[in-house]
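Dear colleague,

Please find below the structure that I am handing over to you. My notes on it follow directly after.

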Amino acid sequence: IRVMAAIDYYWHRDSTGEPVLLEGERTYLWLEGITLSEKRGAFKNGSLMITTHHIFWSDPKDKSKPTVKIPLAYIGERKLAGGWLTSEKIDITLQGTGSHPGYFTHLHHNILKIPVPPVPSYPAEFRVEFGSGDRDKFTAKLNEVLIAKYWEKFAAKKEEVKMIDTKVQGIEGIRKAIKGTTSQMASVISNSFSGMDSLRDSAKKLVAIAEKIKSTLAVTEGGAMSQEMQELQAVMFDIGIGTPVTKEAAGKEYYAKLAMQFAAFVQEALDKSGGIMTVIDAYCLYNRARGTDSVSPEDIFIAANMFPKLDIKVGFKQLKSKVWIFQSNKFNEKTQIDTIASLLKESGPLSAEQIANKLSANTFIIKENLQLAEENGAICKDDSVEGLLYCENLILAYMSKHQSDTPMIT
C-alpha cells in the first residue's frame, strides 16, 4: 500500500502492528485478504478489524505504515454487491463526516487535554471487497455493533479518572493522579468480592484505568522514550493486557494474531530478564496479564512456532537440558559468559542457585550458561562434599597476567 496524499483518515499502530484502541474499545472481528477502496484509491489485500468504535484496515506486510480508520458513527446505508463470478463486496455510505464523533472530541477535551485534530476528509462512500467469502461474517458483526452503538455510551459516560499530559507533568504528576484515585480503586476492589458477577464488572473498571494511560502513551510518544516513559511502560506491563486476542474475535487468524500479541508481550519481559526466558515463565506471565481469559499451552506452542513465518524477532528453541526458551535477538552468549565470569571473580565460588539469585535469572537457564562458560574455559567448577560450586578460572587469569607482563623478544 502507498500512503496516498489525498487520503488522510489514518491512525496509530502499536508495537505489534495492530491499531491503537481507545479507552473501552474492544475488538469484535479480524479478517484477512480484504480490499478497501474509494474514488481516490484502494488499499489492497490487508487486515480488516471491526471494533466497538471503528473499522480499521492495516497493511500486514509493512507495520511501519499507519492504519486506515473509519468511525462506526459515520456508517449509513449498506448495499451488497458482487458474487457469483466476481468477489463478494459491500458498498457502505458515510454520513455526518463534517465533524468528529462525540467520543473522539470527548477523548481529546476531557481525557488527553490536547486540542482536537482537524476532521479528516472521509469519502462519501467506500467499498469492502472480500477475497475469501467472509462477507456474511463481516455483515453480521457490523450490524451487531451498529445496533449496540457502544461509542454513544462512551461519550455519555461521566469521566471517573482524568488523564494528565505526561510530557508536561512527568512521572511525578502521574503518581499524584494515581494516588488521587486510590480511594476510588479501593472501593472498587472492596465491592468486587461481593460476588463473581460484581467481580467481573469491577475488573472492567480497573482495566479501563490502565487503558486510558496506555492510550495516552500511544498518542504522546514520539521517537525515543524518556526515562519517565520507560518507567510508566513498566507499570503498564505489570497491569496486564486490556484487549487479549480471542478465538471468537480473530477467527481463522487466531494463531497469527496470538503470536504477534504474545511476541510483543514476551519481548518486554525479555528486555527485563537479560534477553532469555523459559517458556513456562513466559506462559505464566502472559496468562496472568490476560486475567480470566487464559490460553492453553498448546495455543502458545503453535503461536511460537509461527514466529519465523511472521518475521517475529523472538527466538524459540530447546536447550540441551530439553528446556524450551524464548530468546531475544539482542541476546549475546559472550556477554552472558563475561557477566558470570565477572561475578565469580568478585564474589568467589558460588552455586548455580546463588548465581541465579544474584543475576535475577532462572536457575535452568543459568545452569545452561554455566555449562557454556565452562566449555569456553571462562570458569571452573569444584564438585566436593560441599556441593557443586563454580569459580573463576585462575589458570586463565594467571596466563593472561603473565603474558601481558612478558616483554616481546625481537
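Is Glu353 buried, partly exposed or exposed? Glu353 counts as partly exposed, at 44% relative accessibility; buried means under 20% relative accessible area, exposed over 50%, and partly exposed in between, with a 1.4 Å probe and protein chains only.

Please note that this is a predicted model, in which local features need pLDDT of at least 70, side-chain atom pairs count only at pLDDT 80 or more, and totals for chains, interfaces and linings use all residues. Residues are numbered from 1 along each chain as its sequence is written, and side-chain values use heavy atoms, with hydrogens and water left out.

Overall composition

The protein has 15 helices and 13 strands; these are DSSP runs numbered from the N terminus, helices being H or I with at least four residues and strands E with at least two. Of the 410 residues, 44% are buried.

Salt bridges

The count comes to 12 salt bridges, each defined as a side-chain nitrogen of Lys or Arg within 4 Å of a carboxyl oxygen of Asp or Glu. Glu353 takes part in one of them, with Lys367, and the closest N and O atoms are 4.0 Å apart. Lys367 belongs to helix H14 (residues 363-375) and Glu353 to helix H13 (residues 352-359), 14 residues apart. Lys367 is also partly exposed, at 41% relative accessibility.

Lys257 and Glu32 form another salt bridge, at 3.4 Å from N to O. Lys257 lies in helix H9 (residues 254-272) and Glu32 in strand S2 (residues 27-38), so this pair ties together parts that are 225 residues apart in sequence. Both Lys257 and Glu32 are buried. Together with Glu18, these two residues are linked in a network of salt bridges.

Aromatic residues

The structure holds 15 aromatic pairs. Rings of Phe, Tyr and Trp (its six-membered ring) pair if their centres lie within 6.5 Å; planes under 30 degrees apart count as stacked, over 60 as edge-to-face and the rest as tilted. The rings of Tyr74 and Tyr122 are edge-to-face, because their centres are 5.1 Å apart and their planes stand at 65°. Tyr74 is in the loop between strand S5 (67-71) and strand S6 (75-83), while Tyr122 is in the loop between helix H1 (102-112) and strand S8 (125-130), so the pair connects parts 48 residues apart in sequence. Tyr74 and Tyr122 are both buried.

One aromatic cluster is formed by Phe262, Phe265, Tyr286, Phe301, Phe307, Phe316, Trp324 and Phe326.

With kind regards
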